[in-house]
Structure formats: C-alpha cells, structure tokens
Amino acid sequence: MSALVRPRDGRWIGGVCAGLARRFGISANAMRAIFAVSCLLPGPQFLIYIALWVLLPNEKSTSTAW
C-alpha cells in the first residue's frame, strides 16, 4: 500500500477520493461512487471529506531541479 496523500493528477475537487483509492488499490471512480452512495446515508461524510482535504498532504512532485 502506498502512502495516504492527495495526488497531483487525476483529482477532481480535492483529490481525497483519488488518494484513498490509490491507498486501498481500487479505481478512483469506484471510490467516488462509494462516496456518492454513502452521502445518501445519514452521517458526517461531508465533514470527513473536508477534514481529509485539509489534513492530507499533497503528493510531492517528481521534477528534478536544474
């Protein structure tokens, strides 16, 4: 499993679903669908998403400095 970070590529709003999908080895669209369905249930899903958006670090870029 890779580190839990928000990727620079493939993210839509904040990259939280893409980061979680990469961490657990599933597709980002599947994670987005799981999140969308979970929003139909009662609970603090939006607050958790916003908290993860703030707390998860961005993926470091792999560019080389010249």
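This is a short briefing on one predicted chain, from its overall fold down to a few single residues.

The model is predicted, so local features need pLDDT of at least 70 and side-chain atom pairs count only at pLDDT 80 or more, while totals for chains, interfaces and linings use all residues. Residues are numbered from 1 along each chain as its sequence is written, and side-chain values use heavy atoms, with hydrogens and water left out. What you're looking at is a chain with 3 helices and 0 strands, running α-α-α along the sequence. Helices (H or I, at least four residues) and strands (E, at least two) are DSSP runs, numbered from the N terminus.

**Overall picture**
- Of the 66 residues, 26% count as buried; buried means under 20% relative accessible area, exposed over 50%, and partly exposed in between (1.4 Å probe, protein chains only).
- Take the contacts (heavy atoms within 4.5 Å) between residues at least 6 apart in sequence: 42% of them join residues at least 24 apart.

**The UniProt annotation**
- An unreviewed UniProt entry lists residues 33-56 as "transmembrane region"; UniProt positions are given in the numbering used here, feature names are shortened, and annotations may be inferred rather than shown by experiment.
- In the model, that stretch, residues 33-56, is 71% helix and 0% strand, and its end C-alpha atoms sit 20 Å apart.

**Helix α1**
- Val16, Cys17, Ala18, Gly19, Leu20 and Ala21 are the buried residues of α1, and what covers them includes α2 and α3.
- Leaving aside residues up to four places away in sequence, Ala21 touches Ile26, Ser27, Ala28 and Met31.
- Ala21 and Leu4 are 17 residues apart in sequence, with 9.4 Å between their C-alpha atoms.
- After α1 comes Gly25, with a positive phi near 75°.

**Helix α2**
- Helix α2 covers residues 28-38, and Met31, Arg32 and Ser38 are buried in it.
- Looking down the axis of α2, the buried residues fall within an arc of 125°, so they line one face of the helix; the arc is that of the directions from the helix axis to the C-beta atoms.
- Over on the other side of α2, Asn29 and Val37 are exposed.
- The buried residues of α2 pack against α1 (16-24) and α3 (45-55).
- Ala33 also belongs to α2, but counts as partly exposed, at 42% relative accessibility.
- From Ala33 to Cys17 is 16 residues in sequence and 9.5 Å in space, C-alpha to C-alpha.

**The largest pocket**
- About 190 Å³ of space lies in the largest pocket; the volume is the space filled by probe spheres set on the grid points, which are joined across faces, edges and corners.
- For the record, a pocket is an open set of points on a 1 Å grid over the protein atoms alone, where a 1.4 Å probe fits, with protein on both sides within 12 Å along at least five of seven lines; lining residues have an atom within 4 Å of a point.
- The lining includes Trp12, Ile13, Gly15, Arg32, Phe35, Phe46, Tyr49 and Ile50.
- Each of α1, α2 and α3 supplies at least two residues of that lining.
- By type, the lining divides into 10 nonpolar, 1 polar and 1 charged; Ala, Val, Leu, Ile, Met, Phe, Trp, Tyr, Cys and Pro count as nonpolar, Asp, Glu, Lys and Arg as charged, and the others, Gly among them, as polar.

**After α3**
- Pro57 lies in the segment after α3 and is partly exposed, at 44% relative accessibility.
- Pro57 and Pro7 are 50 residues apart along the chain, yet their C-alpha atoms are separated by 9.0 Å.
- Not counting residues up to four places away in sequence, Pro57 touches Leu4, Val5 and Arg6.
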